[in-house]
Amino acid sequence: LRMTSQRFAVEYWFDLIKRNTHTTGHAVVTTEVKDLISIICDYQSKRTYGVLIGGKEGDPINLMWEEFKNFLVLLAAVTHVTLSTIKSVQQRVHYIEVLGDEKYFDMKSIFGADSAKNNSLLTMERVRKDLIIRVLPVLQREYNTICVRNKLEQLINSCKTTIADLIKYGLHIYSDYDYQREFHFGTLSEGAAPYHATYVGR
């Protein structure tokens, strides 16, 4: 991946999001994703171009954040939240937690000087918290809404089917004008005139 200063500018990523969401329609977490990308790009620019003690354009930390921003661009285009969508964000939260855990990695060898390490970990923590506090609740709420809507549609369709069967059943019974004939109340699925009991016409 060739890194350039353009990729550290929010405009580059916002344009990608705009192009993606233009074709997908109303997206769920576009605003939240843009805020996250702004945090990451601000950190990368300061780290790479001298405001913070940092690295080079194509170093591992920048490459990690580039991959993360690509994930966020895809997330920004989501219009239909599924359980897989939520799990993918939860996995990203876990990924950041593991990456920032000193029991797994030698922080100094990864981030360099203490000031660079602190700035990197601070950015990770900000991104992690935003995913937990802002992104996941929106996705979960949207997913719950979709589930309720689907259940309601299933209930409505089931009621329509039952009502239609009852109407056909009633019409089948009352279309027989010989009220002295023997019949029983059969099940709706029998499909034949029910017999063997006495019906008194009124």
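Modeller: Axes are lines fitted to C-alpha atoms, for helices over the stretch in contact, and angles run from 0 to 180 degrees between N-to-C directions. This is a predicted model, in which local features need pLDDT of at least 70 and side-chain atom pairs count only at pLDDT 80 or more, while totals for chains, interfaces and linings use all residues. Residues are numbered from 1 along each chain as its sequence is written, and side-chain values use heavy atoms, with hydrogens and water left out.

Biologist: What secondary structure does the protein have?

Modeller: The protein has 6 helices and 2 strands, where helices (H or I, at least four residues) and strands (E, at least two) are DSSP runs numbered from the N terminus. The order from the N terminus is α-α-α-α-α-α-β-β.

Biologist: Why is helix 2 called roughly antiparallel to helix 3?

Modeller: The axes of helix 2 (residues 30-48) and helix 3 (residues 60-76) cross at roughly 165° and come within 10 Å. Angles over 145 degrees count as roughly antiparallel (under 35 roughly parallel, 65 to 115 roughly perpendicular, the rest oblique). Helix 2 is therefore roughly antiparallel to helix 3.

Biologist: Which residues make the contact between helix 2 and helix 3?

Modeller: Contact means heavy atoms within 4.5 Å. Among the residues that make it are V33, I37 and Y43 of helix 2 and W65, F68 and L72 of helix 3. The residues of this contact comprise 13 nonpolar, 4 polar and 3 charged; Ala, Val, Leu, Ile, Met, Phe, Trp, Tyr, Cys and Pro count as nonpolar, Asp, Glu, Lys and Arg as charged, and the others, Gly among them, as polar.

Biologist: What makes helix 3 and helix 4 roughly antiparallel?

Modeller: The axes of helix 3 and helix 4 cross at roughly 160° and come within 12 Å. Helix 3 and helix 4 are therefore roughly antiparallel to each other. Their contact includes F68, F71 and L75 of helix 3 and V89, Y95 and I96 of helix 4, and its residues divide into 8 nonpolar, 2 polar and 2 charged.

Biologist: Why does T82 count as partly exposed?

Modeller: Buried means under 20% relative accessible area and exposed over 50%, with partly exposed in between (1.4 Å probe, protein chains only). T82 has 31% relative accessibility, and therefore counts as partly exposed. T82 lies in the loop between helix 3 and helix 4 (83-99). The C-alpha atoms of T82 and L139 are separated by 8.6 Å, although these residues are 57 residues apart along the chain.

Biologist: How many residues does the protein have, and what percentage is buried?

Modeller: Of the 202 residues in the protein, 33% are buried.
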